[in-house]
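Biologist: I have this model open and would like to go through a few spots with you. Could you start with the terms?
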Amino acid sequence: MTESRSAAHFQRIYEASADPWGFGSNPYEQEKYGRTLQALGDRRFAAGLEVGCSIGVLTRLLAARCDALLGIDLVEQPLAAARARCADQPHVGFQRMQVPQAWPDGRFDLIVLSEVLYFLTASDIDWSAARVRSSLLPKAVVILVNWLGRSDDPTPGDEAANRFIRASAGWLRVSHQDRRPGYRLDALESI
């Protein structure tokens, strides 16, 4: 495959199911969210960004750790569900955009790329890393979570994580890595 996954690809997935990956109920997802929060330690963040927020399950968990949080996704159906899920969280906002072609305004000390990088081509992963760099606040944390199963997605999970880490060398360093059945989690910190 030579292109990153398109909005039309995800539109079809969400038309078939409101929660196609079981974010709200799958034990795999719940365990992964717990590990993601553990990787953040006890830190509180001024401004968080979650790329690929889907229906907002992880967004709601991250909201408790952020003074302001922006969730983005490229399809409207999951964003509507995310807005409803986080309606009682006035410090959480949502925008529709396709990364890396579009990127939100603002600067962030937390950026979460959970289960999104492998949907991108290698060049779009590099571009995403450049976008991240341009929007980081000092002492920022970037979380990468990548599924390790076989698929026809543009970039395998390990390759996607390794490529982002290489592209961010010199301004981010790996502070924590966790490999579990089915996924890997990498926490990176500003140098």
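Modeller: Helices (H or I, at least four residues) and strands (E, at least two) are DSSP runs, numbered from the N terminus. This is a predicted model, in which local features need pLDDT of at least 70 and side-chain atom pairs count only at pLDDT 80 or more, while totals for chains, interfaces and linings use all residues. Residues are numbered from 1 along each chain as its sequence is written, and side-chain values use heavy atoms, with hydrogens and water left out.

Biologist: Where is S123 found?
Modeller: S123 is found in helix α5, and it counts as partly exposed because its relative accessibility is 48%, where buried means under 20% relative accessible area, exposed over 50% and partly exposed in between (1.4 Å probe, protein chains only).

Biologist: And D124, what is it in contact with, leaving aside neighbours within four places in sequence?
Modeller: D124, also in α5 (residues 122–134), is then in contact (heavy atoms within 4.5 Å) with S4, P100 and Q101.

Biologist: Switching to α4, which residues are buried there?
Modeller: In α4 (residues 76–85), P78, L79 and A82 are buried. Seen down the axis of α4, they fall within an arc of 100° (taken over the directions from the helix axis to the C-beta atoms), so they line one face of the helix.

Biologist: What covers them?
Modeller: The cover of these buried residues includes α1 (7–16), β2 (66–73) and β3 (92–96).
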